[in-house]
Each structure stands twice: as structure tokens, then as C-alpha cells.
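Q: I would like to learn how to read salt bridges in a model. Could you walk me through them?

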Amino acid sequence: MKVIIGIDVGGSTTKIVGFERSGKLIEPIFVKANDPITAVYGAFGKFTDENQLELKNIEKVMVTGVGSSYLTKPLYGLECHHVSEFNCIGLGGLYLSGLDKAIVVSMGTGTALVKAERGKKIEYLGGTGIGGGTLSGLARKMLGVTDIQNIVELASSGKLSNVDLRVCDITRKDIPGMLSSELTAANFGNLSDLASKNDLALGLINMIFESVAMLALFASRDKNIGKIVMTGNMTTIPQANDIFDSLNKTFEVDYIVPHNSQFATVIGAALSEL
């Protein structure tokens with residue numbers, strides 16, 4: 001059995017996945033470490049041990065991500081082949097969604113958008129600095145909390161009405177082209193003096209996801225592609241699903257969060273060699 005290994009070296013997590021030459025996926029895992037080299041070796045050791053893989057079984061190692069530049073030497077004697085992160089985002093997004101064409105969004109510390117179509121060159125559309133880093137940084141100052149899971153827990157009992165200004169808050173009339181009076185008119189535009197930490201946490205999550213989702217919508221319209229595949233660590237935040245569902249109904253677009261969405265880029269790295 002020959003296996004292609006994909007490794008995505010991020011700012012705070014490193015992910016690893018494998019594909020047999022037959023196309024069978026070996027389930028991905030991730031490890032957290034501040035040092036990218038430590039993270040890579042830790043992820044590689046854990047992955048090969050859990051899947052009973054020997055070095056002789058590994059045909060190629062494909063690496064991507066912001067920290068992959070630190071990998072300048074072979075990994076346990078295996079040469080590391082560097083792959084464009086944007087290509088990996090597109091390949092992984094199409095694989096996980098089963099689509100032939102889509103706008104693929106990767107939400108990590110920041111956010112990147114690509115146009116992906118099977119058999120064609122993946123097109124980088126741009127990005128934004130809004131992402132997990134924004135959520136963590138603002139939460140640190142506003143809430144005294146930095147861990148994403150703790151922010152999510154706070155937000156689970158928050159109320160957006162204590163934070164955001166909605167269309168229904170400023171007009172009783174229908175606005176042409178606006179399909180829902182519950183749409184946000186201004187993030188944090190109705191911030192109550194009595195807003196709790198829970199309310200603020202939900203407001204932050206809502207602002208970040210709405211901002212990224214609207215950028216993806218504009219890209220979708222520009223490229224005339226109605227499918228938007230959301231990937232990256234941020235897409236595992238449970239409140240994201242409600243936000244995307246609401247926007248799906250409002251704008252008649254299809255935001256998709258596939259299973260294993262957080263592993264799209266590393267899956268794309270391995271797929272680049274298949």
C-alpha cells in the first residue's frame with residue numbers, strides 16, 4: 001500500500017491526512033503547537049502510529065500552509081513537496097462538497113477566497129484579515145477571553161438584539177431588494193449599556209461570519225457561481241450554521257459547510273498529487 005501524505009502547517013495548528021493511491025481517504029488529524037517544526041513532527045508521528053504506517057508505505061509528502069516554509073529538510077528522510085495553499089483550498093473544497101464548480105472560502109486566522117472548477121486552474125479571488133484572529137483579538141479586549149471554545153460557549157446564550165441594529169429596528173416599510181427584516185443593518189449598531197458578555201460574544205461571531213459571507217456572496221455573483229463552500233477551522237463554530245442558513249434564504253445562494261470542512265486545505269494538499 002502506497003500513501004500520499006498531506007500536511008498543512010498553520011499558525012497555531014498543524015493538520016495531516018493521507019490518501020491511498022486508490023483514492024481512499026485516511027482520516028485527518030491535527031495537533032496544536034506554537035512551533036511549526038515541533039507540530040509537524042508531532043502530527044506525523046501521531047498519524048503514522050495511529051494508522052500503522054511505515055516510512056516505506058509513504059510515497060510522497062505534500063506540504064502547504066503559512067508555516068510550511070520552515071520545512072527545509074526531508075521529514076524522516078522523506079522529501080517535502082511544497083504546494084500552493086490557494087490550490088489546496090480549491091481542491092479540498094471541491095472534494096469535500098462533491099461539486100464540480102464552487103467559490104471556496106477558507107476561514108482560519110484570516111480568510112481567503114478562490115474560484116475552483118474541476119479541470120481548470122484555481123483562481124485566487126482575494127481575501128480579508130477578518131477571521132479567527134479577529135475574533136480572538138477582539139474578545140481578549142472586550143471580554144477578557146481568548147480561547148475560541150470559551151467564546152463560543154459564552155455566545156451560546158447571547159442575544160443579538162442587545163448588540164446589532166436590524167432592518168426592522170429602523171423601518172416599518174419593506175425595502176426593495178431586502179427579503180428579510182431581520183437582516184443586520186449595522187453590526188454593534190444597537191449596543192445596549194446592559195449587553196452581557198454573552199451578547200457581545202455572539203455579536204462578534206455574527207459580525208465576522210456575516211462579513212465573510214457577504215464577501216463570498218459578491219464573489220459568487222461576479223463569477224455567476226451559486227455554490228459557496230465554507231472551509232477552515234472557523235466553520236466548526238456552531239453559530240455559523242444559523243448565520244449561513246439565514247443568508248441562504250435571504251439571498252437565494254447556497255452556503256455549504258461540508259463534513260471535515262476544517263481539513264479542506266490539507267486534503268487538497270494530498271489531492272494535488274493524485
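A: Let us start with how to read the model. This is a predicted model, where local features need pLDDT of at least 70 and side-chain atom pairs count only at pLDDT 80 or more, while totals for chains, interfaces and linings use all residues. Residues are numbered from 1 along each chain as its sequence is written, and side-chain values use heavy atoms, leaving out hydrogens and water.

Q: How many salt bridges does the structure hold?

A: Side chains of opposite charge can pair when their charged atoms come close. A salt bridge here is a side-chain nitrogen of Lys or Arg within 4 Å of a carboxyl oxygen of Asp or Glu. The structure holds ten of them.

Q: Which residue forms a salt bridge with K227?

A: D254 does, with the closest N and O atoms 2.8 Å apart. Because D254 lies in strand β12 (residues 254-256) and K227 in strand β11 (residues 227-231), the pair ties together parts that are 27 residues apart in sequence. Strands (E, at least two residues) are DSSP runs, numbered from the N terminus.

Q: Is K56 buried or exposed?

A: Buried means under 20% relative accessible area, exposed over 50%, and partly exposed in between (1.4 Å probe, protein chains only). K56 counts as exposed at 60%. Its salt-bridge partner, E54, at 3.7 Å from N to O, is partly exposed at 46%.

Q: Which residues are linked in a network of salt bridges?

A: R21, E59, K60 and E273 are linked in such a network.

Definitions and conventions:
Helix = DSSP H or I, 4+ residues; strand = E, 2+ residues; numbered from the N terminus.
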